[in-house]
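Please look through the model below before reading on.

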Amino acid sequence: MTEIIRAEGLVKEYIQGGRPVRALDGVDLVIEEGEFLAIMGPSGSGKSTLLHILGALDRPTEGRILIRGVDLSKLSDMELAELRNREIGFVFQFFNLIPRMDALSNVELPLAIAGVPREERRRRAMELLKLVGLGDRMTHKPNELSGGEQQRVAIARALANDPSIILCDEPTGNLDSKTGEEVIRLMKELNLESGKTFIIVTHDPAVAQMTERILYLHDGRIVGEKRRGMP
Amino acid sequence: MKTLDTLLYALDGVRERKFRFALNIIGILIGGAAITSLLAITQGVNRDISEQMELLGPTTIAITPGGFGYGGKGFLTMRDLERVKRIPHVALATPIISMSATVTIGGRTGVVPIVGVVPEEYLQVIRNIEVAEGRFIRRGDMAAAVLGANIAQPPGEEESIADVGSRIIVTIKTEEGIKRATYRVAGILKETGGAFIISPDDVIYISLRAAQQLFDMGNKIHRIAVEADSIENVDYVVDAIEDELGESVLVISAGFVRETVGRITTSLQVLLGGVAAISLIVAGIGIVNTMTISVMERTREIGILKAVGAKNRDVLLIFLSEAFITGFLGGVLGVLSGIFLGQVISSIAQLTYNIVLSPYITPTICVTVILFSSITGVLSGLYPAWRAANLNPVEALRYE
């Protein structure tokens with residue numbers, strides 16, 4: 001398997017309430033292409049911060065991160081934006097769909113940003129919404145969809161530009177356990193069929209159980225790792 | 001992001017905030033309408049005056065003894081006239097006496113300018129005079145008068161108050177006391193629509209000799225109208241007259257008048273346009289305000305856009321487009337309202353002050369107003385859009 005993400009000595013500090021907070025305190029990790037991985041930890045352990053840095057949404061205070069061997073610290077903000085657009089898809093706890101736009105337009109958004117022509121955009125978005133099982137809900141707005149459906153739209157949007165990495169920040173946090181399980185199962189299917197790398201931040205052990213590898217984060221450090229089939 | 005997609009996205013955002021958007025548009029619209037109507041009215045005034053001046057003819061030159069107005073304190077003399085006649089390229093020079101007097105016509109009394117002219121020469125200078133009834137005065141007429149259209153039938157009157165053959169009495173005050181003279185109406189003129197300096201519609205013509213006698217002018221005259229032999233020689237003749245008669249006289253050619261009127265209306269335009277532009281600035285501040293609020297409300301949306309790969313530039317352009325759409329639409333609607341407003345203002349002016357204003361909308365005015373409104377929109381959007389573009393994506397996504 002080829003290495004897709006490598007993080008070396010990641011430190012992230014920020015000021016909160018006038019005091020410096022160390023959200024990440026020297027994280028090293030390597031993720032192979034096609035992995036289905038969970039990052040677990042209590043709230044405040046730095047999971048989301050790590051995910052944002054892995055997704056090129058934020059820059060680390062120290063250390064570096066390489067995606068397919070490209071050092072992100074050497075890229076400009078504009079190049080990072082392009083990378084997010086092409087290589088990375090985000091799925092959030094609160095879905096983060098744009099409320100005034102229907103499912104199709106939400107899925108089309110990353111394609112529009114990439115400059116994909118209108119018809120192709122529409123075709124691709126319809127394809128993706130069918131793939132996530134929402135073929136009959138395409139023109140519904142987020143407030144007309146259930147939580148599970150909204151998260152499926154978000155997954156379709158994450159897949160829009162066919163990125164190789166999908167980052168999920170508590171994707172089941174706002175769903176009941178049954179719907180949450182369905183969403184994770186969908187992700188697993190996509191992982192198996194397309195070989196996309198999924199990194200799922202969660203504090204739900206049931207979700208983590210469905211992944212192949214779990215990284216445990218505590219106080220900004222990786223404190224443990226568990227592979228499926230291993231005790 | 002492609003330009004069209006940016007615009008469509010911005011439109012979509014605008015549609016979500018219709019009420020605020022409408023308020024912003026109204027702000028721009030008011031400014032645009034004010035500028036449009038005021039520019040149109042000053043343009044109209046300019047055009048009307050220019051048209052009137054065309055009646056004077058491009059080769060006509062007027063000499064007055066310094067200053068405009070009837071019966072000014074200064075005088076010219078018949079000797080001045082002879083000197084002007086000797087200047088090369090002067091085809092014609094004719095004396096004019098023009099003084100106000102109290103006139104009684106058909107039982108009505110009012111103050112009217114009495115103009116004494118040498119008829120056959122005068123008619124060569126003021127070419128748009130046409131007789132409606134009777135005849136124009138003749139050189140030797142001592143008791144004949146010709147009435148301008150507005151004298152024979154004052155505006156607002158249903159019927160004319162004088163006919164050919166009617167008697168008019170002219171009363172003037174002199175040092176010796178009240179002096180009265182009686183004239184017979186020999187003719188009535190058609191309406192000309194006016195001319196610069198003297199409008200034939202609003203005066204009574206008598207012969208120069210009769211005027212000299214009436215006003216006891218002796219050798220003195222009020223004005224000399226000159227025709228140069230060609231347009232090319234007008235400037236030469238103007239200079240020569242100034243040399244001959246000295247600095248105390250005012251020599252006016254059609255070109256000079258046009259220039260002066262142009263200067264006055266241009267300053268008027270700048271002044272009124274400037275006042276109206278202030279309202280656009282106020283509207284712009286309104287846009288800055290609402291867009292800043294809008295950026296705050298949409299912080300999360302901006303975070304989402306950035307997460308899915310929008311560049312700072314994309315976000316900047318989305319918000320600038322919104323501002324542009326506001327300015328542009330406001331400008332277009334402002335022009336349309338301004339055309340209407342100009343009509344309203346001219347109707348009010350006509351009804352209340354009896355001033356005829358004919359607003360003149362040129363394509364330049366429309367384009368200028370729309371351009372100016374659009375620029376106002378974009379400038380107002382700069383700061384909020386810059387703020388939006390530079391939001392930290394992680395913080396934006398966390399924003400509740």
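Two strands count as paired if DSSP finds at least two bridges between them. Helices (H or I, at least four residues) and strands (E, at least two) are DSSP runs, numbered from the N terminus. Strands of a sheet pair through backbone hydrogen bonds, either parallel or antiparallel. This is a predicted model, in which local features need pLDDT of at least 70 and side-chain atom pairs count only at pLDDT 80 or more, while totals for chains, interfaces and linings use all residues. Residues are numbered from 1 along each chain as its sequence is written, chains are lettered from A and ligands numbered from 1 in the order in which they are written, and side-chain values use heavy atoms, with hydrogens and water left out.

Begin with chain A, where 6 strands form an open sheet in the order β6-β7-β8-β3-β9-β10, with mixed pairing. β6 and β10 of chain A stand at the edges with a single partner strand each, so one side of each has no neighbour in the sheet. On average, neighbouring strands of this sheet are turned by 20° against each other, direction ignored. (Axes are lines fitted to C-alpha atoms, for helices over the stretch in contact, and angles run from 0 to 180 degrees between N-to-C directions.)

Which strands does β3 of chain A run parallel to? One is β8 (residues 197-202), joined to β3(A) by 5 bridges; here A:Ile39 stands opposite A:Val201. Another is β9 (residues 213-218), which 4 bridges join to β3 (residues 36-40) of chain A in parallel, and A:Leu37 stands opposite A:Arg213 there. β9(A) in turn pairs with β10 (residues 221-227) of chain A in the antiparallel sense, over 6 bridges. A:His218 has A:Arg221 as its bridge partner in β10(A). The hairpin of β9(A) and β10(A) has 2 residues between the strands, and A:Asp219 takes a positive phi near 50° in it.

Helix α5 (residues 147-159) of chain A lies across β6 and β7 (165-169), at about 170° to β6(A). Helix α6 (residues 177-194) of chain A touches β3, β6, β7 and β8, and its direction makes about 155° with that of β8(A).

Chain A also has an open sheet of 4 strands, in the order β2-β1-β4-β5, with antiparallel pairing. Its edge strands are β2 (19-32) and β5 (70-71), each pairing on one side only. Between β1 (residues 3-16) and β4 (residues 62-67) of chain A there are 5 bridges, and A:Ala7 has A:Ile65 as its partner in β4(A). Helix α1 (residues 47-54) of chain A lies across β1, β2 and β4, at about 60° to β2(A).

Now turn to chain B, of which 24 residues are in contact with 26 residues of chain A. The two chains bury about 2,300 Å² between them, 58% of it on carbon and sulfur atoms; buried area is the accessible area (1.4 Å probe) that two parts lose on being put together, summed over both. B:Ile304, B:Val308 and B:Lys311 supply 23% of the area that chain B buries against chain A, more than any other three residues.

A salt bridge is a side-chain nitrogen of Lys or Arg within 4 Å of a carboxyl oxygen of Asp or Glu, and there are 6 between chain B and chain A. A:Arg100 meets B:Asp12 in one (3.1 Å, N to O). A:Arg100 also forms a salt bridge with B:Glu16, with the closest N and O atoms 3.2 Å apart. This second pair runs from the loop between β6 (88-91) and α3 (103-114) of chain A to helix α1 of chain B.

Technical notes:
Contact = heavy atoms within 4.5 Å.
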